[in-house]
Amino acid sequence: MAEPIITPDNSLNRRDFLKTSGLASGALLISVALPGCSSLGHKGMVSQQQWQASAWVRIDTDDKVTFVLDRVEMGQGTYSGLVTLLCEELEVEPASVAVEFAEVDSIYNNPLYKLQITGGSTSIASSYERIRIAGATAREMLKQAAARVLNEPVASLRCEQGQVFSANRQPIRYGQLVHLAAVESVPGNLELKQPEQFRYIGKNAQRLDTRGKITGQAQYGIDVELPGMLYAVVSRAPAYGGTVKTYDASAAKAAAGVVDVLEIAAAGRHGIAVVARSYWQARKAQQLLKIEWQTPANAPSDASVWRQYEQDLDQDSGDTLRNNGNFRRAAKQATSQLQAEYRLPYLAHATLEPQVCVVSANRHGMEVWAPTQAPSLARIAAAKHSRYSVDDILVHTTWIGGGFGRRLMQDFVAECAFIADRLQQPVKLIFSREEDTQHDYYRPASLHRLTATFDAQGQLNGWQHRLAHPKVMHWFVPDAAAAQYHFMPKFMFSTLAVAGKLGEGILAPNDTSGYEGANDLPYAIDNLRMDFVHSEPGVPVGYWRAVGHSHNGFVTESFIDELAHQQQQDPLDFRRRLLQQHPRALAVLDKAAALASWGQPLPGCKQGLAIHKSFGSWVAQIADVQVQNGSIRVKRVVCVVDCGVVVNPDIVRAQMEGGIIFGLTAALYGKINLLNGTVQQSNFHDYPLLRLEETPAIEVAIIDSTAEPTGVGEPGVPPLAAAVANAVFVATGQRLRQLPLQPS
C-alpha cells in the first residue's frame, strides 16, 4: 500500500496530483467542534490509512462515503433523515452513502440528554445543525484542497455529486482529494445552505433502509449469531421484587443440549436461567424447572394501586408546578364549575422484536450486541453485572424491531451479561412474547382530578389539574447516572444510583414524565393551577411512546371538550378562542377542520377533535367514529402537524400514521392488569394490537414551516384517544374518562 503524498503548498501540479491520488488509499474522517461537546475535535492525524478526527463522515480514496449514525434506527427514520442532512451539505446522493452504527463514545452523546440515547423524538431536532455542519466542513475542506491543485480561488469552485467542479477544468472526485483535504484548515466562516438551495431536505425520498429490511440484510438483535454461541432463557419471579425460595433443576439439567442452569439476579429481577445449545432445547428444559417463588407481602394489585393513588391525592398537596392567578379565589367566586376524574392504566410496549441480547465474554473483555436505544447505558448494565470494567466492554448496536421507549431500559443486557460472564462463552438471551409482556417497564398508570370554573359571563376562568403518578426517572437513573459518570470506579455505581434519585434537578434531570403536557397547558385561562403528587406503587415503569403526553393529552383534551359541551359551544370554536396567543396552533386546527369538513362527518359517524403540543410539535386530529352496540369503529382520522422544517415529508407522514395506529391500539385495547404483583396479560390474544381491518383511513397534512425542526416520532399519539373519546360522547352522550374506551 503506497504511502500518501501530502503537499502543503501549490507546488503539486494536476498531473502529479492525479497520479498520487490514484495510487494512494485511505480515508478522510471529518468532525467539527461544537459548543457543549468538548470531546469533539479536529485532531488532524494523518497516517498511511486515513486522517482521523473522531467524526460522523468518512470519505475513502475510492469515493465511498460512510456516515456514522449516532442514533439508533428502530423504524422511525433516523437512518434516512440524518443521512439526508449530511448529503445536503456534502453534495452527494443519499443513496450512495454507506451507514455504520456508532460505537459507544461520548462524542455521540445526544446533546439534549448528555448520554448516548435515542428518545424523546430528538434525533433530527438535536442533529439538524451539527450533522449539516459536519457535511459542510468536509465539503469546504475538499474545495480548499482542489483549489490548491487547480490554483484557483475556492470561491470559484462548486461541489456536486461527490465531485469538485471548476469552470475550466475537469471535475475532481472527492476520493482523489482526501489526503490533501486532511491537511487543510477547518473553515472558520462556514455557511450552511439556505432553504431555497436545498436539493434533498424537504423532498419526498425513498427510505434508505428499505432494501436492507426487505432483503434481510439488516441485522436485528435477534439475528446475531456467533460461533459456538449458546442460548439462554430465564424464568423470572412473577412479581417484581420476588425471589427464588427453592428450586429443583435436576430434570432440566438432564435435558438434551442443556449446558448449565444457574440462579440469576440482575436489574432488580431474580430468576433461574437455562442455557442450552439451541433455543428450543433451552425452552423445553425451562418447562422442567420446579421453582417456588417468594412474593413480596406488599405486591401490588389493581385495587391497591388505585387505592394508593386516591389516598395520596386526598392526603398529599403535592408539588405545585404551575400557579397562574388564584384558582382558589376563582373557585369561590365561580357561578358554575365542572369536576371530573380520569384514570389511565398501565401499558406494555409490545415491541414486535422481543427483548434480546448477545454477549461474548472471555479473558480479554466483553462484547455486547443489542437492539438498545441507549448504548452508553447498555455498557453500564453489562459492567454492573459482570467482572469487567466499563473500558473492557464493547457495545454493538443492531437494528431494532420497535423501541417505543422499552429499550431505554437495559434489563435484557444486564441478564445476558450476567450469564455470559459466568460461562465465559457467547450467549444469546431471548425473551418469549409472554416474558416480554409480563416483565416490561410499563407506561405508568395515573389518576387525574380536574376542576374548571366559569364566571358570571360564562367564561372559563379557572382550571385545576391534580394528578398522582410515579417517577419514571427513579427506574431509569441507576444505569443513567453511572453512564453520566462512567469514568468512576464500579463500586461507586450504586452510590450514583441513589444520589441520582435523591439529587433530582442537581445530579439528575428533573423528572417531568408524569406532568408534561399538563403543566404547559396552552389555553389562555386566567387562574390555572397544576399539582403533581408523586405516588409509587412499586410497579416497574419506563418511558412509553410520547411519555407523559400520552396520558395528559387524553385527559386535558377530553376535559376541554367537556367544558365546550357544557357551555353548548362548538368544540372547535371553544378551543380557537383560548388559543389566540398560539398562531401555529390555530393554523393546525383550521387546516384540520377544513380537511375533515368539521361538522359534516362521514355517513353514520360523529366527529371528535383534539389538539396537543408535544416534543415541540403541534398536532391536531379529527376522528370520524361510528358506535354500534357498544362497539367503537374509527372510520377516518385527519391529522395535521406543524413540526418546523421537514427533512423528509414521507417519513413525517409515516410517523403520524404510525402514532395514530399505536394510539388507537391503546385507546381501544391497551390495559395491563395486576394481581399480587403478577401481570395477567401474556400475549397478543389478551393484549391485542390493532388489526389491519380495524385501521381507519388516515389523512396527514404537514404545515409548511421555516421554524427549527421538532419531533415527529411521538407527537402523533397524544391527541388520538381524546379525539375518539370526544366523538364517542357526541354519538352516545357518554363521557368516557378512562382507557381503554368501553361505552356501555
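Reader: Which strands form the open sheet, and in what order?
Author: In this predicted model, 5 strands form an open sheet in the order S15-S23-S22-S21-S16. The pairing is mixed.

Reader: What makes S15 and S16 the edge strands?
Author: Strand S15 (319–324) and strand S16 (336–344) each pair on one side only. From one strand to the next, the twist averages 10°.

Reader: How do you know that S21 and S22 pair?
Author: Count the bridges. Pairing takes at least two bridges between two strands. Strand S21 (residues 446–454) and strand S22 (residues 460–469) are joined by 8 bridges, so they pair. The two strands run antiparallel. As for arginine 449, its bridge partner in S22 is arginine 466.

Reader: Which helix lies across S16, S21 and S22?
Author: Helix H15 (residues 547–566) does. H15 runs at about 150° to S16.

Reader: Which residues make the contact?
Author: H18 supplies Ile660, Gly663, Leu664 and Ala667. H19 supplies Leu720, Ala721 and Val724.

Reader: How many residues of the contact of H18 with H19 are nonpolar, polar or charged?
Author: There are 6 nonpolar, 1 polar and no charged. Gly counts as polar, so Gly663 of H18 is the polar one.

How values were computed:
Residues are numbered from 1 along each chain as its sequence is written. This is a predicted model: local features need pLDDT of at least 70, side-chain atom pairs count only at pLDDT 80 or more; totals for chains, interfaces and linings use all residues. Side-chain values use heavy atoms; hydrogens and water are left out. Helices (H or I, at least four residues) and strands (E, at least two) are DSSP runs, numbered from the N terminus. Axes are lines fitted to C-alpha atoms, for helices over the stretch in contact, and angles run from 0 to 180 degrees between N-to-C directions. Contact means heavy atoms within 4.5 Å.
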